[in-house]
Amino acid sequence: MAGIELNNIAKSYGSVEVLRDINLTIEDGEFIVLVGPSGCGKSTLLRMIAGLEPITGGEFHVDGRRMNEVPPRDRDMAMVFQSYALYPHMDVSRNMGFSLEIRKAQKEERSRKVGDAARTLGLTSLTERLPRALSGGQRQRVAMGRAIVRDPSAFLFDEPLSNLDAALRVEMRLEIARLHQRLNATMIYVTHDQVEALTLADRIVVLNAGDIQQVGTPLDLYERPSNKFVAQFIGSPTMNILGVDQTDHGVKLKDGTILDVGSRGEQKRAHELGVRPEHLDVVPEEAAHMKGVAELVEHLGSDTNIHASVPGVGPVLVRQHGHFPLKTGDAVNIAVDLEKAHLFGPDGARLAA
Amino acid sequence: MNALRQSSPLAVTGKYLALAFYVAFALFPLYWLAKIAVTPDKLIFSEGTALIPSRFTFENFQTVLLQTDFLAYFRNSLIVSIGTAAITTVIAAAAGYAFSRFDFRGKRLIIALMLITQMFPLLMIIAPIYKIVATLGLLNSLTSLIIVYTAFNIPFATFLMQSFFDGIPKDLEDAGMIDGCTRFEALRKIVLPLTLPGLGATLGFIFTAAWSELLFALMLINSNDAMTFPVGLLTFVSKFSVDWGQMMAAGVLALVPSCLFFIFIQRYLVQGLTTGAVKG
Ligand SMILES: Nc1ncnc2c1ncn2[C@@H]1O[C@H](COP(=O)(O)OP(=O)(O)OP(=O)(O)O)[C@@H](O)[C@H]1O
Ligand SMILES: [Mg+2]
């Protein structure tokens with residue numbers, strides 16, 4: 001069991017600064033998800049925690065003990081790689097038991113633990129196969145099994161599901177959630193799939209270009225994003241961002257419509273209005289804030305996505321529940337749920353209510 | 001996919017014909033070598049270009065094995081080739097691993113230097129090498145050949161090994177270290193077993209190169225005791241005649257170790273030992 005603490009962690013390759021000033025405290029047993037666009041440093045941070053990448057600045061503590069220079073084998077952390085990294089010359093059970101083999105565990109203990117993990121993951125019939133004779137999903141399970149067998153104080157996952165097809169991804173996601181409930185171990189999980197992030201995480205850490213943008217529960221990030229980046233990164237489809245001007249009575253859309261958004265943002269001047277597609281509504285003409293034309297209507301069954309174009313404002317995406325009878329080219333009258341809209345200042349920071 | 005597999009019988013025949021032609025072309029000299037080796041001396045010139053001799057004999061082999069110094073040459077060559085291959089491969093594996101996995105100062109410089117050594121024609125450096133070996137008092141010794149061959153083969157062997165190490169995903173070692181290995185253990189238990197094809201190929205390549213090397217062997221070895229096989233073969237050429245039959249018989253025998261060697265390592269040369277390591 002491990003509480004992990006990152007204080008001012010930084011990483012640079014020569015003069016290239018990849019991560020700076022990362023501060024994060026992870027509670028024992030917490031499920032932390034690191035998200036961010038490609039190249040923002042998620043893998044690097046995870047590898048630094050694992051001990052595979054030297055830490056070039058700051059302090060890294062586990063249970064109060066400084067771990068900066070401790071080699072990976074003494075950190076008691078298991079890692080599941082995006083590439084799975086199975087040992088190709090060892091069969092499934094030896095792959096899973098390799099850590100015990102290295103630690104010179106008794107044979108009986110080894111086969112018991114490997115057997116348990118294989119049963120949990122449904123791999124019992126495959127234990128004598130070599131990795132090359134496994135499907136992608138089975139390889140993924142073996143990689144997980146290798147981590148479980150260790151019974152480590154923390155699990156590190158680097159995009160473990162990104163090579164799987166959609167159905168398998170959902171299944172394995174549930175598997176990981178169950179695993180976390182059962183083992184109650186600290187888990188740090190890197191992904192750029194936000195469904196994974198939102199469903200698995202106790203807390204999500206949003207990274208961008210080497211900086212932490214926000215740390216919070218999934219609901220926090222969805223309802224109270226600290227800036228435009230987080231607002232657009234979390235939530236699918238992406239939040240609409242509309243340019244506005246601050247007036248005395250609210251904010252004014254570029255087509256002149258004034259939206260009364262209450263007392264928010266008095267301290268600073270609102271620059272943009274952010275509103276999620278699900279917080280827009282198609283209404284009768286007299287209740288509308290915006291009037292536009294449907295350019296594309298996607299019927300997803302459970303939802304209907306209406307890509308509308310509003311003269312003077314630009315493209316706006318509206319999401320309606322269920323099947324919504326609308327065709328391309330139809331006029332749409334859109335109302336904004338002002339309670340749930342966000343205002344962003346010129347620097348992208350959210351203006352709090 | 002199916003269209004590709006079910007090619008017309010004509011295309012298949014053509015393909016096999018082309019292959020057969022190539023194989024015949026490549027193997028013909030070897031066939032001729034073997035043919036002359038088993039042809040009785042009297043018939044070599046009289047039957048000339050007949051594809052199959054009218055009589056066979058193993059006399060030439062007998063003579064070569066029992067009445068010449070062939071066995072000594074053979075033993076010397078074995079010592080030199082195995083020694084060179086083993087030492088070169090060990091050094092090249094270590095250097096190749098370092099080039100593949102670590103970033104260190106002077107790496108580019110060392111690589112550049114190694115490439116430069118490959119650019120000089122051998123003839124240019126043969127005199128200085130002779131001088132050095134003579135000064136060391138190593139003329140006429142197999143040791144000198146091992147040292148010189150090793151030095152000359154290391155750059156190529158290193159690049160060869162480096163490319164094999166490059167082909168092994170770094171994640172595998174990382175996974176090993178997470179699983180509790182030191183870097184060296186990860187190298188020994190994970191990388192090394194996967195590099196066996198590379199080691200085999202390198203060993204085989206260097207072995208063959210050393211086995212057939214003539215120039216340095218000719219320069220550095222004069223005494224009959226220390227002659228390697230290619231130099232020894234020249235003793236079959238006397239002032240007045242060439243003993244073709246015996247020379248070819250010796251040649252056939254000289255092919256044996258190379259063949260054995262490749263039969264031995266070919267199971268390590270199978271492709272795809274790392275399949276299954278990464279994704280699907
Ligand atoms: N050896 C290196 N030298 C210089 N820069 C590097 C090196 N390794 C990684 N980087 C840089 O560090 C940054 C972070 O890389 P990292 O692999 O952590 O990204 P990531 O967030 O995991 O991205 P992805 O989602 O694509 O996996 C990248 O911009 C990358 O270019
Ligand atoms: Mg990554």
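Author: In chain B, F70(B), F74(B) and L78(B) of α5(B) touch A250(B), L253(B), A254(B) and P257(B) of α13(B), where contact means heavy atoms within 4.5 Å. By class, this contact has 7 nonpolar, no polar and no charged residues; Ala, Leu, Phe and Pro are among the residue types that count as nonpolar. This is a predicted model, in which local features need pLDDT of at least 70 and side-chain atom pairs pLDDT 80 or more, while totals for chains, interfaces and linings use all residues. Residues are numbered from 1 along each chain, chains are lettered from A, and side-chain values use heavy atoms, without hydrogens and water.

Reader: Why is α5(B) called roughly parallel to α13(B)?

Author: Helix α5 (residues 70-101) of chain B packs against helix α13 (residues 244-265) of chain B at an angle of about 30°, with the axes 11 Å apart. Angles under 35 degrees count as roughly parallel, so α5(B) is roughly parallel to α13(B).

Reader: How do you know how much area domain 1 of chain B and domain 2 of chain B bury between them?

Author: Buried area is the accessible area (1.4 Å probe) that two parts lose on being put together, summed over both. For domain 1 and domain 2 of chain B that comes to about 590 Å², 84% of it on carbon and sulfur atoms. L33(B), I36(B) and A37(B) supply 61% of the area that domain 1 of chain B buries against domain 2 of chain B, more than any other three residues.

Technical notes. Axes fitted to C-alpha atoms, helices over the stretch in contact; angles between N-to-C directions. Helix = DSSP H or I, 4+ residues; strand = E, 2+ residues; numbered from the N terminus. Parallel < 35°, antiparallel > 145°, perpendicular 65-115°, else oblique.
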